[in-house]
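Thanks for asking me to look this one over.

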Amino acid sequence: MRFERREEVSVAALVIAPLLAVVAALMLCAGLIALAGVSPWVAYGEMLRGAFGSRLAVTETFTRASPLILTGLAAAVAFRARLWNIGGEGQFYMGALAAAALGHSALVGWPVPLAWAALAAAGMAAGAMLLLVPAVLRLRFGVDEVVTTLLLNFIVLLFVGLMVEGVLKDPMAFGWPQSVPVAAGLRLPDLVPRSRLHVGIVLAVVVVLVVWLVQARTVFGAETRAAGLNPAAAAFAGVPITATLVKVALLSGGLAGLAGAIEVLGPVGYVTTTMSPGFGYAGIVVAMLAALHPVGVVAASVFVATVFVGADAMSRATGVPSFIADVIMSVALLAMLVALLFTTYRVRR
Amino acid sequence: MTVGDVLELDGITKRFGALVANDDVTLSLKKGEVLALLGENGAGKTTLMNILFGHYAADAGEVRVLGKPLPSAKPRAAIAAGVGMVHQHFTLAGNLTVLENIVIGSESLWKVGMDREGAERKIRALSAQFGLPVDPAARIGDLSVGERQRVEILKALYREARILILDEPTAVLARPEAEQLFTILRGMAKGGLSIIFISHKLHEVMGASDRVVVLRAGKVVAERVTAETTAAELAELMVGRAVARPKRAAHEAGAPVVVAEGLSVTKGGGMALDRVRFEVRAGEILGIVGVSGNGQAMLGRALSGLARPDAGTITFDGRDISRITPRQAVKLGIGRVPEDRQAQGVVGDLAVWENAVLERLRDFSRFGFVRRRAAEAHAAGLIGRFDIRGAAPATRTRLLSGGNMQKLILGRNLAAGPRFLLANQPTRGLDEGAIAGVHAELLMARAEGAAILLISEDLDEAVGLSDRLQAISKGRLSEPILAEDVDARRLGLMMAGVWETRDAV
Amino acid sequence: MMEAMDILTTASLWSAVLRIATPLIFGVLGALICERAGVLNLGIEGIMTMGAMIGWLTVYWGGDLWAGLAMAVLAGMVIGWLHAMLTVPLGLSQHVAGLGITLFASALAYYLYRLWVQVGNLPPTIVPFQPWAVPILSDIPFLGEVLFTQTPPTYVALILVGLVAWMLARTPMGLALRMTGENPHAVEAQGLNPMRIRIWAVMVGSGIMALGGAFLTTAAFNSFFPSMVQGRGWICIALVVFASWRPGKALVGALLFALFDAFQLRLQTVVEGVPYQLFLMAPYVLSIVALILVARRARVPEALMQPYRRGER
C-alpha cells in the first residue's frame, strides 16, 4: 500500500470527512453500548433527547458549546502554525482565575461595558502569558511544547487549588474550596431567561468570525499559514518566524483564557478546581474535527457539547456509564485523523 | 539471455500518476563490465535503478539476475541475489558507527548477541582488498563525504554483492576523488564484479565506462560501446535536440556593488566560512565554484540575511548588510534565489499568487489586509513575462514543474529590478530546456546592470555564465580568475583547495 | 533544616524512592523503545491508565497478580498497535495521534471500569503485591532494606533496564531498532522492513508502559480510580529526553525524580506553613526544568517523528 498526494483537496471532501468520522465513531461505540446491555438505538435516541429534547436541554447544550468554541479555536489557530498547544485546559483556568480575581471587587464601580472589556482582556492576558512560556522554551531552547503545555496543565490546576484555598478563598462558601464570586453586576446577561445560556455564546461566535477574517485576509494570516506549511521557505521570504509564532501563541493562549473568563462571568460565577470538564482537551478534538477551520469549530463544538450533555441524560435513563461521551469524542478524533489523511492522499495499490 | 549476462532488465515500465518514468526499458549487464547509464535529470535513471534494487515495484517488466527473475519490490531479495546499491543520498545513520552501518541486516534479528570482532575483521579485509580505507569504529557523522561513500560501497561488498549500482557517485566528490573512485571501480570490475553507474557527466562516462546506455524521457534511446562513440554524439543523444545554452556577450562591468571582506561564519564549532573575500560589480556575474558541502550553503545564507557572520563585513553600495534580515534585503533591492527551491524557495501548498508576493506582502496590503486582487494581477504579470507554464495565479505551487517553479522564484526577484542577485544553484535538477531559460534570464539581468553572484556546482554553467570565477574549498575562497583564463586542470586544482593565497604563511 | 537533612539518611526514604520510581522506570523504558525506533508515543498516559485498570480488574475478577500484569501488557500492546497503525503505515502526526490515543485509552478504561465494577462509596480493593525480601541479600544492613525488600514488580523493572540496554547495544535487533530511528531508508536499503520494526517497537514499548500503570493498582495502591496516573506518562516523556534516550540514564533520571518526590512528601510533614500544592507542583516543574537543561545537548534520534514512506525522501 502506498500513498500518493492528491493534486487538489476538494472542499466537499473536507465537509464529508468529519461527518464520516462522526458516523464511524458512533458505530464503533455502539458496540460498547451494547456491551452494557442497552440497545445503541435507544441510547443514541436518549442522547439526542437529552441534548435537544427540551428548551432546557437545548440551552444546556449551547451553554456547554460556548467555551468549547473558544478552546477549539485556540487549538485550531495554534495547530495551523504547527504550534502544538495542548495546554488549553491550563490557559482556561488562568483566564477564569483572572476574571474572578478582578471581577470580585477590583472593577466594581466601573462602567459595566468597560469592566467587561477589562475582564476579558485580563482573562486573555492570563491565558496568553501561560502559553508564552512553552512557546519561548521551544523557540529559544528547542523544548517540545507538547510536553511542557501538558505538564503546565497539572501545575495550573494545583495553582488554582492553591488560590481557591488561599488568597481567593470564598469565606462564605462553608469551607468549600471555591473562589470569591464575581460581583453580581458584572455577570454576563442571560440570552434565554431562566436558563444558564448567556451572551457568551454570541461573543464566541463573533470571535470566530474575527479570527476567520484575520486568517483569510490579513498579512498576519498569510504569514502564519506560510510559517506553518513551510517554515524554511517562509523564513527565507522574510516572514519573521519567531515573532509570528509568538503572536500565534499569544492569540491561542488568549482565546483559551477568554473561554475561562467568560465561563466565570457567565454561568458559573466563581472558580473551582472542577469547573472545567476538560474543555481544554475537548478543544483539541473540536479543532481536529473542524479540520482547523474557524467556522468548522462552531459546528464541531455543538457536536461535542451534544455528546456530553446527551450522554449525561442517557446515562441517567439507561445506566450506560457517561464516560461513553469521552470514548465517542476520542474515537471521533482518531477517525477524523484517518479521514483527513484520505482527503489529501489517495491510496495506490 | 546471451552468454555472460549477469543482469537483465526486460521491458520495465513504471508510472507515477500521469508521468511515465520508465517506458519499456530493456538492458543487460555482462560480467566484469562497467556500464554507464547516461541521461538528464528526470530521464528516469534513478527510478530504473530503484526498481532493480527493489525499492519500487515496476508496473510491468522483469528483472533477472543470472537468468533468475527477482521478486518485485524486495530489497532483501536483490541483496540476496548479489545486487548492491550505492544511493546518491547515502542511506547511512549519522549517529551510528561505520561498523553498525555496515553490518545491519546481515544477521538474523533474533540472534542473541553480535559478532563484532568477526565483522570488524571482515570489514578490514574488504577495505584492504579494494583500497577503501575507513575506520570501523568511527561515527558516520564525523566522516567526510568521500569516506561516507566508501562506507556505502563497503556495505554492498560486505553483503557479497556481485553487481554494484552507483547512483550519481561523483555528485559530491572533487575531481581528484572522483578519479580515484573510478580507478577503484575499474579494479573491482577486473576482479569480476559488474558495475552500473548513473551519471549525466559526459567526461566521466567517456573515461570510466565500457558501454553506455542513454536514457531519455524514460526510454532507452541508444546503446554504444564507449570506445566507439564521442562525447558530442552522447550529448546529442542525451538531450535529444540541440539546445544551445545562451552565450555570454562581452560587457563592461561597472562599480563594485557588493563587497565582502574577511567574512567568517562558524557553525557547530567548525568554520563554515573562513575569511572570505569577494566583490561583485554592476553588470557582472561572479561565479563561485566548488564541490558540494564546502561552504556554499553558508555563503548563500549569509548573503540572504539568514546567518550572522562572526567576523568581517558585507557591504551593499557601501552599506553594511552583514546583519540584515531577509525582509530588509528585499527592501534594499537584493534578489535571492535559494539553493533548494522546494525547501526554501516556495511554500508548495500555497497558491502561485501567494508565493509571488510572499517576500513583499506588505507592499500588497492595506491596513494589514492583503490586497488579493493586486497580488493576483502581479502574479499573472510574472506568469506572462517569465513564461511560467502550467500556472494560473490560483494554482497550487507544488504542482509546477521544477523549471517553472524556478522561473517563478527568479521572476519574483527580477521583477523588482534588483541591484544585486544571489543565484544559488539556480539550475540544479532542471532539464536542458529549463536551464537555457534560466541562463537567459540571468544574462539579461546582467545586461541590465545587476551584480550577480552565481554559486554553482555545475562547472560548465559557471564557466559559461561568469565573467570571473572564484573557487570555494573548506570555507575558503580562492582569488578570482577571469573566465577567459580558465582551464580544466587549474579549475580542478582550485576546487581541491590548491591555490596561491596572499596570506599564506 | 537539620530535620530535613536527617530524612535523607533514613532507609525508609530510599525504599520509597525505588517504589515511586518503579512506574516511571516502566514508562520511560517503554517510551524510550518507541522513540529509539522513531515514534513518539504520547499515548503513554492513556496506555498507563489502561494498564492500571486491566491489571487491577484481572486480579479483582479472581486472577493471579502476575496474570494481572500479563493482561496489562497485552492491553498495552493492543493500544500500542492502534497507535502504530495510525503513525507508521498511515504516517499521521505522531503528536495528534498520540493525544488521541491517550484520550481514547483513558476514556475506554474509565468506561469499562464503570461498566464492570460496582462502585460504592469507596472503590473496591484487591490484595496487592507484598514486599518480597530476597533471601540473604535483604539481611545486608540499610541496602537490604532499600534494595532487596521491594515488591516483585520493582525487581522486574530493574532487570528490564539491563535487558533493554543490552538489547539495544548488543543485539542485531537492537541495532535494527536504533537504525530505524536514525534513518529508516538505511534500514530498507539493507533489506529489512522499517515499518514492521517500528510497529513492533511501539507495541512492545506500549506493553512495558502498561506495566507502569499496573504497578500503581497492583503494588503501590490496591484500587483503581480515574486520573490516578496523574501525568506520570508525560513526566516519562520528559525523562526520555532528559536521559538522552539511554536506558541507563533513564534509570538514573527516574530515581532522581523519585528521590525528589519522596523527599518532598516527607518535607511536607516537617516544614509547616507551605501550602501542600507547592510541593505537589514540584515534580511537574522539575520535569520542565530537566527538559530545558538538556534540550540543546540532547542527541535526538534523527528520524524521530518523521513518518516513513517507501520511496519518499
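**Notes on the model**

1. Helix α2(C) is largely enclosed by the rest of the structure, because 20 of its 26 residues are buried. A residue is buried if 20 or more other C-beta atoms lie within 10 Å of its own, exposed if 12 or fewer, and partly exposed in between, with C-beta atoms placed from the backbone. Helices (H or I, at least four residues) and strands (E, at least two) are DSSP runs, numbered from the N terminus.

2. Please keep in mind that this is a predicted model: local features need pLDDT of at least 70, side-chain atom pairs count only at pLDDT 80 or more, and totals for chains, interfaces and linings use all residues. Residues are numbered from 1 along each chain as its sequence is written, while chains are lettered from A and ligands numbered from 1 in the order in which they are written.

3. Back to α2(C), which covers residues 11–36. From first C-alpha to last it reaches 35 Å, close to the 38 Å expected at 1.5 Å a residue; the expected span is 1.5 Å times one less than the number of residues. Where does α2(C) bend? The bend, of about 35 degrees, is at Ala21(C), and Pro23(C) follows within four residues. Here a bend is the angle between axes fitted to the seven residues ending at a position and the seven starting there. After the helix comes Gly38(C), with a positive phi near 100 degrees.

4. Val28(C) deserves a look. Beyond its neighbours within four places in sequence, Val28(C) is in contact with residues including Cys236(C), Leu239(C), Val240(C) and Ala243(C). Two residues are in contact if their C-beta atoms, placed from the backbone, lie within 7 Å. Val28(C) is also, with Ala332(A) and Leu239(C), among the residues with the most contacts inside the largest nonpolar core, which has 393 residues. Such a core is a set of buried Ala, Val, Leu, Ile, Met, Phe, Trp, Tyr and Cys residues joined through C-beta atoms within 7 Å.

5. Now the chain A and chain C contact: 38 residues of chain A meet 36 residues of chain C. Elements giving two or more residues on the chain A side include α1 (11–35), α5 (112–141) and α13 (324–344) of chain A. That side divides into 31 nonpolar, five polar and two charged residues. In this count Ala, Val, Leu, Ile, Met, Phe, Trp, Tyr, Cys and Pro are nonpolar, Asp, Glu, Lys and Arg charged, and the others, Gly among them, polar.

6. Between chains B and C, the contact takes 26 residues from chain B and 23 residues from chain C. The largest share of the chain B side, three residues, comes from α2(B). By class, that side has eleven nonpolar, eleven polar and four charged residues.

7. Chain B is divided into domain 1 (5–239) and domain 2 (256–346 + 417–495), with bounds from an automatic or database domain assignment. Their C-alpha centres lie 33 Å apart. Ten residues of domain 1 of chain B touch nine residues of domain 2 of chain B.

8. Two backbone angles are worth checking. Most residues other than glycine have a negative phi. Leu292(A), in the loop between α11 and α12 of chain A, has a positive phi near 65 degrees, and counts as buried with 20 C-beta neighbours inside 10 Å. Met305(C) has a positive phi of about 70 degrees; Met305(C) is partly exposed, with 15 other C-beta atoms within 10 Å.
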